[in-house]
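Trainee: I would like a close look at one part of this fold. Please take me through the sheet and what surrounds it.

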Amino acid sequence: MENKSFIVSDVNKLGSTIAEHLTGLLKNHVILIDAPMGAGKTTFVSSLAALMGSMLTPSSPTFSISNEYPLASPVNGYHQIVHMDLYRFGSIDEILQSGIEDYLYDVKNLVLIEWPGLIEPIVVEPFTRMTIEVKENHWRKFVYLN
């Protein structure tokens with residue numbers, strides 16, 4: 001497993017920084033994103049989706065649980081991005097009853113999961129684990145492990 005990181009001082013420049021790490025970020029079809037509230041999880045997803053040619057602008061799936069963003073053309077074999085927010089779930093049983101775990105097994109989906117603590121035990125390896133840390137002056141440190 002390989003640990004990589006990048007620091008962003010201006011979230012408006014996040015896209016260009018992600019572009020430099022795109023190969024590593026797209027290595028696995030599931031990315032588990034662990035970060036505190038307001039750290040920039042959805043901003044990261046939006047920047048990544050824009051780079052990949054998403055036909056829709058991502059929004060937070062807090063209430064919808066998951067959002068699908070089709071890509072204009074496949075990127076690294078991915079046909080769409082599936083963005084999940086599991087913050088509202090209280091147990092793995094609730095997640096399984098929702099049916100969203102089906103997305104995890106389709107390698108044509110790039111699946112980005114916010115608040116992944118409950119679902120992580122059923123995610124089949126390999127996957128990418130990402131953390132976002134908020135630093136002084138609102139800088140963000142993104143660390144990902146493949």
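In which sense do E3 and strand E4 pair, and over how many bridges?

Mentor: This is a predicted model. E3 and E4 (residues 78-85) run antiparallel to each other, paired over six bridges.

Now widen the view. The sheet is open and has seven strands, ordered E1-E7-E6-E2-E5-E4-E3, with mixed pairing. E3 (66-75) and E1 are the edge strands; each has a single partner, so one side of each lacks a neighbour in the sheet. From one strand to the next, the twist averages 20 degrees.

A helix packs on this sheet. H3 touches E2 (30-34), E3, E4, E5 (109-114), E6 (128-134) and E7. Its direction makes about 165 degrees with that of E5. H3 covers residues 41-52, twelve residues in total. From first C-alpha to last it reaches 17 Å, close to the expected 16 Å. Its buried residues are Lys41, Phe44, Val45, Ser47, Leu48, Ala49 and Met52. An α-helix has 3.6 residues a turn, so residues three or four places apart point the same way. Just after H3 comes Gly53, with a positive phi of about 85 degrees.

Ring pairs link Phe44 with Phe6, Phe142 and Tyr144 in a cluster. The structure holds four aromatic pairs. One of them, Phe6 with Phe142, is stacked, at 4.9 Å centre to centre and 10 degrees between the planes. Phe6 lies in E1 (residues 3-8) and Phe142 in E7 (residues 140-145), so this pair ties together parts 136 residues apart in sequence. Phe6 counts as buried at 5% relative accessibility. Phe142 is buried too, at 2%.

Finish with the loops. Most residues other than glycine have a negative phi, and most peptide bonds are trans. Ile65, in the loop between H3 and E3, is not a glycine, yet its phi is positive, about 75 degrees. Ile65 is buried, with a relative accessible area of 14%. Trp115 sits in the loop between E5 and E6. Trp115 is not a glycine either, and its phi is about 55 degrees, also positive. At 24% relative accessibility, Trp115 is partly exposed. The loop between E5 and E6 also holds Pro126. A cis peptide bond joins Glu125 to Pro126, with omega about 5 degrees.

Technical notes:
Residues numbered from 1 in each chain as written. Predicted model: local features only at pLDDT ≥ 70, side-chain atom pairs only at ≥ 80, totals over all residues. Heavy atoms only, no water. Helix = DSSP H or I, 4+ residues; strand = E, 2+ residues; numbered from the N terminus. Expected span 1.5 Å × (residues − 1). Buried < 20%, exposed > 50% of the residue type's maximum accessible area, 1.4 Å probe, protein only. Phe/Tyr/Trp six-rings, centres within 6.5 Å; stacked < 30°, edge-to-face > 60°. Pairing = 2+ DSSP bridges. Axes fitted to C-alpha atoms, helices over the stretch in contact; angles between N-to-C directions. Contact = heavy atoms within 4.5 Å.
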